[in-house]
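Hi,

Here is the structure I promised to pass on.

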Amino acid sequence: MVGYAVAQTLSPHGGVNRGICLAQGDRLEAVEEHTHISLDTHGVLQGRNLARHLVTLAPQALASMNFWGFTPAVLPLLETRFTDFLGQYGHHPTAECYIPTVVNQLLHQGLADCRILPGDGDWFGMTYPQDLPTCVERLQNLVAQGVYPARLW
């Protein structure tokens, strides 16, 4: 999994969801999805954990951006848990099966092990339609700097 400091993964246009990680060295010990992460009016970073409690988050807390590199052995485990999720919540139109929640279960059951790679690059992404112009500009700058080719395919 590639991890980033959560404060570097926010959108100025609203709250975001991130898996907040607990690490021991370069190993993932636990990860819990948090929703509605944003800065409050006093500049304090907060989000809701899965119990829906509002919690304060450290700006440098490691966040999963769902950039996972799974081995083929994990795929049947993910499939089983997703099937279970659909059986329990599939009729709820807004239900989400969070990858960090499933990974956390696998970690605690001893069925998976996960190394964390530091995301030391400058992260940016699109959560809201209003994020698009910034993303376009940043990608154009990376192309102009030669980081990315002008044409990928």
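**What turned up around Ser11**

The backbone nitrogen of His13 sits 3.1 Å from a polar atom of the Ser11 side chain. Before you read on, keep in mind that this is a predicted model.

So where does Ser11 sit in the chain? You'll find Ser11 in the loop that links strand 1 (2–5) and strand 2 (16–24). Is Ser11 buried or exposed? With a relative accessible area of 13%, Ser11 is buried, because the cut-off for that label is under 20%. The side chain of Ser11 also makes a polar contact of 2.9 Å with the side chain of Asp131. Leaving out residues up to four places away in sequence, Ser11 touches Val16, Tyr128 and Asp131.

Which strands does strand 1 pair with, and in which sense? With strand 7 (residues 117–118) the pairing is parallel, over two bridges. Gly3 has Pro118 as its bridge partner in strand 7. With strand 6 (residues 62–64) strand 1 runs antiparallel, and three bridges join the two. Here Ala5 has Leu62 of strand 6 as its bridge partner.

If you go through the backbone torsions, stop at His36 and Arg52. His36 has a phi near 55 degrees, which is positive in a residue other than glycine. Arg52 is another non-glycine residue with a positive phi, near 70 degrees.

Where are they? His36 belongs to strand 3 (residues 27–39), whereas Arg52 is in the loop between strand 4 (45–48) and strand 5 (54–56). His36 has a relative accessible area of 57%, so it counts as exposed, the cut-off being over 50%. Arg52 is exposed as well, at 69% relative accessibility.

That's what I have for now.

Cheers

Conventions:
Residues numbered from 1 in each chain as written. Predicted model: local features only at pLDDT ≥ 70, side-chain atom pairs only at ≥ 80, totals over all residues. Heavy atoms only, no water. Helix = DSSP H or I, 4+ residues; strand = E, 2+ residues; numbered from the N terminus. Buried < 20%, exposed > 50% of the residue type's maximum accessible area, 1.4 Å probe, protein only. Polar contact = N/O pair within 3.5 Å; in protein donor to acceptor, adjacent residues only side chain to side chain. Contact = heavy atoms within 4.5 Å. Pairing = 2+ DSSP bridges.
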